[in-house]
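Subject: Structure handover

Hello,

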Amino acid sequence: MASAISLALNYYNDLFLQKRDERSVHLPMAGSPLLILGIVGVYLYFVLRCGPRHMANRKPYKLGTIIKSYNLVQVIANGMLFLRICYNVFIVYDKFSFGCQLIDYSTSRVGMDEMYFSYAYFCLKLFDLADTVFFVLRKKQSHVSFLHVYHHSLMVITTYCGLVFVPGGHVLMLGIWNTLVHAIMYFYYFLASQRSGQNSIWWKKYLTRLQLVQFTHLAFHFGRPLFNGNCTFPLFWLWYGFLQAIIVLLLFLNFYFKAYLTHPKIK
């Protein structure tokens, strides 16, 4: 038992103290992974057990103003980060390689920009957790689906690890796609909050289609350097990005099929 603990501690020290990107270690919540695992653990406990129990004999909280403000902040924050990453990728870089873009670990402008983009993206994924909390407090537990909880939890852990080990390079495309989709998605949520129901907005299903396009392209984006075999970007993260894009694509296809094909009257 003692040897197993010692091995785990040595592995932890080697991975998160010796091999991590030191440029982000001073940033809030970017230090120990134990804090992030704790946040995700508390999130899961609240939205799956504690929250539903708390709300069982209570009326839904009225959070209309808070949620509208939250949606607007998400639109602005995601939109600004999307534009800023695009500016670097398409204007600042001499030639961004969509086939195999390596990470700049230096303290140059480009290198530090990539690191801060990764940090901002990580913070947005933490902010996304409030979505599920709002569902629970409004007694909309049916919205707390496996897809929703899986995606939100995993994105927090993934973006933390991305910040620590691969802050930029080929994974910037994930940031571009995700911030664009989230800016549009939260704008939809804001508009829906002004109406009696979400189904009154005709382009709802096209938002889901955009998400399907996103994960299809991300699977291609991470798979291309994998199968070409000539990219020196960390192999583990290429496989991780590729497999996660495939998994989430299948989950969204399942949702799309049930929501729009099985019940075609849903707009």
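**Salt bridges**

R23 and D21 are both buried, where buried means under 20% relative accessible area, exposed means over 50% and partly exposed lies in between, with a 1.4 Å probe and protein chains only. This is a predicted model, in which local features need pLDDT of at least 70, side-chain atom pairs count only at pLDDT 80 or more, and totals for chains, interfaces and linings use all residues. Residues are numbered from 1 along each chain as its sequence is written, and side-chain values use heavy atoms, with hydrogens and water left out.

R23 and D21 form a salt bridge, with their closest N and O atoms 2.8 Å apart. The term stands for a side-chain nitrogen of Lys or Arg within 4 Å of a carboxyl oxygen of Asp or Glu. By this rule there are four salt bridges.

Another salt bridge joins R84 to D113, the closest N and O atoms being 3.6 Å apart. R84 lies in helix α3 and D113 in helix α4, so this pair ties together parts that are 29 residues apart in sequence. Helices (H or I, at least four residues) and strands (E, at least two) are DSSP runs, numbered from the N terminus. D113 also forms a salt bridge with R109, again with closest N and O atoms 3.6 Å apart. D113 and R109 are four residues apart in helix α4, about one helical turn. Within it, R84 is partly exposed at 31% relative accessible area, while D113 is buried at 13%.

**Aromatic pairs**

The whole structure holds 20 aromatic pairs. Rings of Phe, Tyr and Trp (its six-membered ring) pair if their centres lie within 6.5 Å; planes under 30 degrees apart count as stacked, over 60 as edge-to-face and the rest as tilted.

Y70 and F134 make an edge-to-face pair, 5.2 Å centre to centre with 85 degrees between the planes. Y70 is in helix α3 (residues 64–92) and F134 in helix α5 (residues 130–137), so the pair ties together parts 64 residues apart in sequence. Y70 is buried at 5% relative accessibility, and F134 is buried at 13%.

W237 and Y240 lie in helix α9, three residues apart, about one turn of the helix. W237 is buried, with a relative accessible area of 14%, whereas Y240 is partly exposed at 22%.

**Cavities**

How many cavities of 30 Å³ or more does a search of the whole structure find? It finds two. A cavity is a set of points, on a 1 Å grid over the protein atoms alone, where a 1.4 Å probe fits but cannot get out; lining residues have an atom within 4 Å of a point. Grid points are joined across faces, edges and corners, and a volume is the space filled by probe spheres set on the points.

The largest cavity has a volume of about 470 Å³. Its lining has 29 residues, with Y121, M155, T158, T159 and L174 nearest the centre. Helix α6 gives the most to this lining, eight residues.

The second largest cavity holds about 50 Å³. Its lining is made of K125, D128, H151, H152, M155 and H182. The largest share, three residues, comes from α6.

Regards

Note on methods:
On a 1 Å grid over the protein atoms alone, a cavity is a set of points where a 1.4 Å probe fits but cannot get out, and a pocket is an open set with protein on both sides within 12 Å along at least five of seven lines; lining residues have an atom within 4 Å of a point.
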